[in-house]
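I opened the model today and kept notes as I went. The entries are in the order of my look-ups.

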Amino acid sequence: LWKRTEPEEALLALLRNEKYFPIVVFPHEYAAAERCIDTPPLNTGKTLLFIFLDGTWREAKKMFVKSPYLHDFPVLGVSMDVASDYLLRESTHDFQHCTAEVGISVLDLAQQKQGAQTLAHYFSVFRREYLKGKPHLQHKLAF
């Protein structure tokens, strides 16, 4: 659970750990240009540590802006050329995708193809099974 004024010490220790290269995954539209990267650096000698701000867009934006301990890290913005496949809720902007979709793209960018394929498969299963239980959304099962 995110607490702006009282961040978890374990989280702060992880972010300071020299073994890792923290990267905030968030749309570039909200970040200063000097923090923005299009691909994760694969040659740092460190393990990439992707920070996903999971929540509603309003909550995630608030976490992004009001968490000073994240302000020194690069921001990886994922450009999605396709509309969201989430189907369970509609986003306000075209650049807004659900966390799983962004995770799939991030894994692809990090050259973790097997992880991206596995997450995509489980996301597809989740969407299908979720929709089966929602009679008012049955028309979306044809994906």
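**Ground rules.** The model is predicted, so I take local features only at pLDDT of at least 70 and side-chain atom pairs only at pLDDT 80 or more, while totals for chains, interfaces and linings use all residues. I number residues from 1 along each chain as its sequence is written, and side-chain values use heavy atoms, with hydrogens and water left out.

**Sheet.** I looked up the strand order first. Helices (H or I, at least four residues) and strands (E, at least two) are DSSP runs, numbered from the N terminus. I found an open sheet of four strands, ordered β2-β4-β1-β3, with parallel pairing. Pairing takes at least two DSSP bridges between two strands. β2 (36-37) and β3 are the edge strands; each has a single partner, so one side of each lacks a neighbour in the sheet. I then checked how β2 is held: two bridges join it to β4 (residues 75-76) in parallel. Cysteine 36 has valine 75 of β4 as its bridge partner.

**Helix on the sheet.** I noted that α3 (residues 99-109) packs on the sheet and touches β1 (20-25), β3 and β4. Contact here means heavy atoms within 4.5 Å. The direction of α3 makes about 160° with that of β3. Axes are lines fitted to C-alpha atoms, for helices over the stretch in contact; angles run from 0 to 180 degrees between N-to-C directions.

**Helix pair.** How do α3 and α4 pack? I read an angle of about 165° for α3 and α4 (residues 113-132), with axes 7 Å apart. They are therefore roughly antiparallel, a label given to angles over 145 degrees. Residues making the contact include Ile104 and Leu107 of α3 and Leu119 and Phe123 of α4.

**Cores.** I searched for nonpolar cores: buried Ala, Val, Leu, Ile, Met, Phe, Trp, Tyr and Cys residues joined through side-chain atoms within 4.5 Å. Buried means under 20% relative accessible area, exposed over 50%, partly exposed in between (1.4 Å probe, protein chains only). The largest core has 15 residues; among those with the most contacts inside it are Leu15, Phe26 and Phe64. α1 (9-16), β3 (47-52) and α2 (57-65) each supply at least two of its residues. The largest share, three residues, comes from α2. A second, separate core has eight residues, including Ile23 and Ala110.

**Threonine 5.** I placed threonine 5 in the segment before α1. It counts as exposed because its relative accessibility is 60%. Its C-alpha lies 8.9 Å from that of lysine 66, 61 residues apart along the chain.

Methods
Angles under 35 degrees count as roughly parallel, over 145 as roughly antiparallel, 65 to 115 as roughly perpendicular and the rest as oblique.
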